[in-house]
Each structure stands twice: as C-alpha cells, then as structure tokens.
Amino acid sequence: SDPYVVASLGLQSVRSPIIKNNLNPDWTDVELRLPVNEHHSSMRLELALWDAETSRVLQGADDFLGRIHMPMHMILRNL
C-alpha cells in the first residue's frame, strides 16, 4: 500500500506525501496547512485516506480507503 492523506476544508485542500509500501503509515512529522478564519467555524474538516496507484495506466485511479469529518468549531476551540 502507498497511502496518503488529503485534508479538505471548503474549497481548499492539501495533500500529504505518499508513504511507499507501508500498511501502518505514520504522519507524525507531516504538517498539512490550510488557511482558517472565523468563517470556517461552521464547516467540517475532512481527512480522506487514499492508496496511490503507481501504474495508473494498468490499474486506474487511486483507491479510496476512508474518511473522517471533524467540526471546525471543535478544532478551533482546542487551540
């Protein structure tokens, strides 16, 4: 598996580096940054996990593995 994470908030998104050949990825040292202001407090942050396909011609698009949504007001409250 070659996992990566996509963080999305509204129309913004940012992608982590791919961690090659890893079934237990660790993104502890990865920092994903999205600009946030008070207007985002009513939105939900989405973290989606994908498996990168290195040979798109033979295997097609990346495989979706799962996602989680977190209310931004809860995240902002804990800063």
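Predicted model: local features only at pLDDT ≥ 70, side-chain atom pairs only at ≥ 80, totals over all residues.
**Entry 1: the sheet**

I started with the sheet, which is open, has four strands in the order β2-β1-β3-β4 and pairs them in the antiparallel sense. β2 (12–15) and β4 (63–71) are the edge strands with a single partner each, so one side of each has no neighbour in the sheet. Neighbouring strands here are turned against each other by 20 degrees on average, direction ignored. For that angle, the axes are lines fitted to C-alpha atoms, over the stretch in contact in the case of helices, and angles run from 0 to 180 degrees between N-to-C directions. I count two strands as paired if DSSP finds at least two bridges between them. Strands (E, at least two residues) and helices (H or I, at least four) are DSSP runs, numbered from the N terminus.

Residues are numbered from 1 along each chain as its sequence is written, and side-chain values use heavy atoms, with hydrogens and water left out.

**Entry 2: the whole chain**

I read off two helices and four strands, in the pattern β-β-β-α-β-α along the sequence. The C-alpha atoms fill a box of roughly 45 × 25 × 20 Å along the principal axes. Of the 79 residues, 24% are buried, where buried means under 20% relative accessible area, exposed over 50% and partly exposed in between (1.4 Å probe, protein chains only).

I also looked up the contacts, meaning heavy atoms within 4.5 Å. Among contacts in the chain with a separation of 6 or more, 45% join residues 24 or more positions apart.

The accessible surface is about 5,800 Å², and carbon and sulfur atoms hold 54% of it. These areas come from the Shrake-Rupley method with a 1.4 Å probe; for residues, only the protein chains shown count as cover.

Next I went to β1. Is this strand enclosed or open to the outside? Seven of its seven residues are buried, so β1 is largely enclosed by the rest of the structure. P3, V5, A7 and L9 point one way from the strand, Y4, V6 and S8 the other way, and all are buried.

On one side, β1 (residues 3–9) pairs with β3 (residues 44–51) over six bridges, antiparallel. I found P3 opposite D51 in β3, and A7 opposite L47 in β3.

β1 also pairs with β2, again in the antiparallel sense, over four bridges. Here A7 stands opposite V14 and L9 opposite Q12. The two strands form a hairpin with two residues between them, and G10 in the turn has a positive phi of about 60 degrees.

**Entry 3: N21**

I picked N21, in the loop between β2 and β3, for its phi near 50 degrees, a positive value in a residue other than glycine. Most residues other than glycine have a negative phi. Is N21 buried or exposed? With 70% relative accessibility, N21 counts as exposed.

Leaving out residues up to four places away in sequence, N21 touches S1 and D2. I also checked N21 against L49, 28 residues apart along the chain, and got 15 Å between their C-alpha atoms.

**Entry 4: A52**

My last stop was A52, in the loop between β3 and α1 (56–59). A52 is buried, at 5% relative accessible area. What does A52 touch, not counting residues up to four places away in sequence? I listed D2, Y4, I18 and D62. A52 and S1 are 51 residues apart along the chain, and their C-alpha atoms are separated by 7.6 Å.
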